[in-house]
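Hi,

Here is the structure I said I'd pass on. Have a look at it first, and then read on for what turned up.

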Amino acid sequence: MAASEKSGSAWLKWCWAKTSRDGAPGEGPVWHPLVAHILDTAAVAQELWDRYLPDTVRDRFTEAFGGGNPEHARSIVSFLAALHDLGKASPCFQDMFGTGTYASARIRTARQSWEKKARAAGMPLPDHPGTAQQARHEHLTAALLPRLIGCDCTGIAPSAFCSRDEHHGVNTVALCLGGHHGHIPNPQWVTIAHWAAGGTGWDDVRTALVDAVAAQMGIEIALLPALVRPTRPAVLVLFTGLVVLSDWIASDENRFPYGSPEDRHATVWARSRQRATAAVSALRLDRWLPRTGSAWESLWPGTSPRAFQAAAVGLLPENGQALVIAESETGSGKTRLALWCAYHLAVRNGYQGVYVALPTRAASLQTARELERFLPSATELGAVSLALVHAAAPAEDFVQRLISAAQDTMEAHAEEPEPDGGTPARVVLDPWYLRRCLGLVAAFGAGTVDQVVLGTQGSRHWFLRMFGLMCKTVVIDEVHAYELYQQQLLGAAVEWLADAGASVLVLSATLPADAKAALTLSWCTGLRAPLRDTGGRGQVTVVDGTGVLRRGGPDPAEVDPLHTELSLEPDHGPRALAAELLERARDGGCVGVVRNRVDEAVALFVEARALAEKHGWTPDEVVLLHGRMLPRDRIPVQERVVAFTGPAQEPRRPEGRPNPDRPHRLLVIATQVIEQALDLDFDHLVSDLAPVDLLIQRRGRMHRHPVNDPGRPAWCSEARMRVLYQPDPRNSQLPLVEPPASPEAPGNLDGLVYAPYILAATFRALARRAVMTTEEGAVLHLRMSTPGDSRALLEEVYGPSFPAPEPWTGLLERTWGGWQSALRGEERAARQRVKRPYRGSRSYPVEVAELCSGAASEEGSLSELRAVSRLGDDSHPVVCLYRHGNRLTYDPQGEHPVPMGPADRPVLQRELQLNTLSLPGHWFSGSTPLPCPETWSVVERNLRGLHVAEFDESGRCISLPEGSLRYDWATGMARPHTLP
């Protein structure tokens with residue numbers, strides 16, 4: 001493409017883009033020219049096009065920006081991305097040099113020198129700092145760019161948007177660029193921003209800037225209106241995400257040192273490209289390069305694919321994207337199926353990597369370890385990035401180990417070149433990926449599903465989250481575990497991913513038919529293609545990029561069933577249960593107990609510890625695990641449970657052999673933290689009454705690995721799961737499932753955790769298949785087979801309500817209404833927050849203005865609603881520290897002090913996260929509420945902005961009113977009235 005040449009303003013070179021963050025003394029410049037930062041960003045965008053973007057995304061960009069020519073698209077996309085900071089060429093921004101509250105003396109001195117030279121060159125700065133008309137520079141970019149790249153319509157007010165169809169594209173991308181600081185602005189705010197543009201002199205410098213960049217990049221500006229046609233909604237998100245990522249990389253002054261205003265543009269452009277190559281290499285932003293021809297056995301030595309795993313790959317299309325839904329019992333190898341499919345999809349589509357979304361942080365960590373074992377044999381690259389993606393990830397030893405590996409790799413690479421493709425890849429992580437949203441940008445990641453659903457709402461930089469996902473194969477594990485609100489948002493995510501050309505794998509052991517149908521519909525909506533069902537049966541369903549649905553693999557009715565002896569038993573209280581379990585497992589057995597609430601788990605743990613010695617146990621053989629423990633205390637317990645009851649995975653533990661660390665006996669008392677995706681294998685399991693799909697999941701933590709069967713004690717050699725319920729004192733044939741209407745009324749607080757209707761329907765579905773045993777009174781026994789019985793149980797519980805005989809009529813009718821009302825509330829909340837690519841029954845593409853969010857969105861609009869990943873009780877993160885005189889420490893013994901002076905920020909952040917706990921929102925309301933967290937302030941510099949609770953060495957909170965909180969390393973956080 002030929003370049004157009006125009007003379008520029010004499011003071012273009014004095015326009016600045018960035019100043020040194022700290023202004024520390026040194027020999028380098030303290031400010032970076034605007035034209036240099038713009039060219040830096042363009043170079044990064046081109047490097048990411050070549051090395052990061054998958055084929056599917058480049059195809060979409062080629063369609064939207066290149067008229068079918070990929071080289072044109074590459075140039076135009078990077079050119080437009082570069083101009084994201086055009087609005088900095090304005091009086092309000094340029095006048096900000098050195099005026100910040102924390103500007104150092106060096107920067108203030110530099111301001112004087114810069115201002116003198118800029119004014120001498122003709123820059124019309126305000127006579128007095130701070131008096132220029134104000135506007136955000138990104139809004140100015142959105143307001144001013146269209147007139148500079150081809151929208152030259154006459155008769156239109158400068159602050160108005162052109163309505164001509166041929167200029168729609170350049171106006172659309174300008175609004176996208178206006179969102180590069182986190183929120184796409186409402187057009188009204190862009191119109192207002194135009195008044196801060198300055199006079200004709202500033203118009204001239206912006207024209208000179210655009211022309212200078214176009215000249216270096218070989219862009220013919222006159223062609224842009226005809227080529228820039230982003231009609232597909234996913235392209236708007238992809239483009240905005242690419243802009244943000246390119247800008248963030250180019251803004252790193254360590255990788256892009258500040259330049260001189262005297263540098264020639266050609267010199268700057270050549271240097272920018274060299275630095276961009278080095279930056280992308282250092283951050284390992286190359287897309288996945290699968291090791292060609294890898295067989296299953298090379299990825300998982302000593303194993304072979306099961307029938308449904310092999311069937312999934314056989315159903316994948318020869319090329320193009322796919323939605324894969326795999327339904328199989330817990331412990332059957334769905335995660336490996338997902339990675340096996342992701343490998344083949346990467347070979348066929350050039351995807352950048354994989355992200356696995358899971359319901360809990362514990363499950364995310366386990367899957368991250370599975371990825372770490374998988375990747376060395378699955379890629380030709382010398383080193384690949386693997387991120388653990390959730391708020392507390394930096395606190396995990398796993399993450400710190402990968403960061404250390406990255407540093408070791410950098411040192412080794414300085415001495416030796418990258419190894420060839422025959423050497424197993426190193427799995428590493430740069431600390432850069434621990435920043436907001438960037439974990440999803442890493443080639444490989446495992447994290448919570450929250451990261452996905454936040455990408456469908458107007459959260460800050462939501463489009464960067466979605467951009468990272470759109471470049472990958474996205475695996476959504478345990479999809480049945482999510483509430484309706486999350487399922488609605490996941491459906492929107494599937495629409496966006498389908499529109500972008502990504503692939504999605506959905507894994508579940510207990511997926512209701514309507515949830516499966518909804519995901520399939522979302523996929524086809526994103527494709528804008530009708531569903532064409534070819535029939536068939538099997539555990540694996542694949543829908544390709546044209547909407548053709550195929551099924552295959554073993555029929556669930558033909559899969560070897562997993563039989564479980566299940567009993568419904570009255571709960572006689574924690575002391576009776578503790579004594580019975582300790583006595584039964586006295587001579588051996590690993591027993592798991594899953595309680596629905598933390599208080600109940602703690603009560604059982606305290607009783608079991610108290611009775612342990614009497615029954616021949618040591619206290620260390622009784623373990624408590626729940627989410628109200630500090631990560632510093634919880635993570636070692638979790639690691640211990642996984643190491644003891646999980647499979648043999650280390651090199652000294654060949655797969656398929658018993659775990660040599662499995663103890664003779666162990667009692668693990670936990671909440672829902674162990675019910676999903678964790679590879680645990682108990683000999684015997686006890687659970688509170690819970691929704692049927694979760695009971696099936698909990699059953700999957702018992703008798704999971706046949707390799708352990710020979711070592712199971714005789715009393716638990718057969719799979720037996722006991723489900724405890726509270727009988728209704730008003731009718732012993734019914735379970736008590738509703739929360740108490742008053743303090744004196746009977747009730748079950750589990751009804752605040754799960755819908756009372758679902759608890760009641762689950763009990764009835766199981767009871768209808770059971771036989772009353774007179775010897776044990778109200779105990780009901782049944783034999784459950786999975787997956788054979790799973791579908792019928794799910795449909796009976798979650799399907800349409802049907803008449804029930806007495807005494808069930810009143811309970812089911814009463815709780816049904818409450819459940820339906822709650823579902824309608826969840827649907828309404830999702831509709832209010834979600835952003836979808838298409839709207840209406842005819843799937844009209846959304847316009848960019850419909851993607852605006854944040855404070856820059858329309859006043860009072862729905863996009864101002866706070867983005868949330870889960871409904872229910874809010875939580876408040878609190879840092880828990882121990883006071884020892886004038887010192888604060890991380891531990892009650894006072895041996896690990898919190899630094900009050902200069903500190904290594906990454907180390908400090910990790911240590912603080914290890915002592916951070918989320919307190920439930922209802923603790924801050926009611927008759928005895930905790931004080932508002934915003935009032936929990938401390939004066940220490942390193943703790944500013946954090947909500948800190950101080951404790952004495954006994955665990956009593958001393959910074960809040962007496963009796964507010966108490967913490968114990970073994971039992972976790974509690975309100976005093978909840979302490980046993």
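Let's start with the rings: there are 28 aromatic pairs in the structure, where a pair means rings of Phe, Tyr or Trp (its six-membered ring) with centres within 6.5 Å. Planes under 30 degrees apart count as stacked, over 60 as edge-to-face and the rest as tilted. Tyr882 and Phe951 make a tilted pair, because their ring centres are 6.2 Å apart and their planes sit at 50°. Tyr882 belongs to strand β25 (residues 875–884) and Phe951 to strand β28 (residues 948–951), so this pair ties together parts that are 69 residues apart in sequence. Both Tyr882 and Phe951 are buried, meaning under 20% relative accessible area, with exposed being over 50% and partly exposed in between (1.4 Å probe, protein chains only). There is also a cluster linked by ring pairs, made of Trp288, Trp296, Trp300, Trp340, Tyr343, Phe374 and Phe444.

Before going further, a word on the ground rules: this is a predicted model, so local features need pLDDT of at least 70 and side-chain atom pairs count only at pLDDT 80 or more, while totals for chains, interfaces and linings use all residues. Residues are numbered from 1 along each chain as its sequence is written, and side-chain values use heavy atoms, with hydrogens and water left out. Helices (H or I, at least four residues) and strands (E, at least two) are DSSP runs, numbered from the N terminus.

Next, the cores. A nonpolar core here is a set of buried Ala, Val, Leu, Ile, Met, Phe, Trp, Tyr and Cys residues joined through side-chain atoms within 4.5 Å. The largest one has 208 residues, and those touching the most other members are Phe61, Phe65, Phe79, Ile149, Phe239, Ile249 and Phe374. Helix α11 (residues 233–250) gives the most to this core, with 13 residues. A second, separate core has 52 residues, including Tyr754 and Met784.

Now for charges. The count is 58 salt bridges, each being a side-chain nitrogen of Lys or Arg within 4 Å of a carboxyl oxygen of Asp or Glu. Arg910 and Asp397 form one of them, at 2.5 Å from N to O. That pair links distant parts of the chain, with Arg910 in helix α29 (residues 905–914) and Asp397 in helix α17 (residues 397–415), 513 residues apart. Arg910 counts as buried, at 15% relative accessibility. Another salt bridge joins Arg665 and Glu621 (3.0 Å, N to O), and both of these residues are buried. Shared partners also join Glu569, Glu580, Arg584, Arg720 and Arg722 into one salt-bridge network.

(Lys and Arg count as positive, Asp and Glu as negative; His and the chain ends are not counted.) The side chain of Asp693 does have a polar contact of 2.7 Å with that of Tyr798. A polar contact is a pair of N or O atoms within 3.5 Å; within protein, one must be able to donate a hydrogen and the other to accept it, and residues adjacent in sequence count only if both atoms are side-chain atoms.

Cheers
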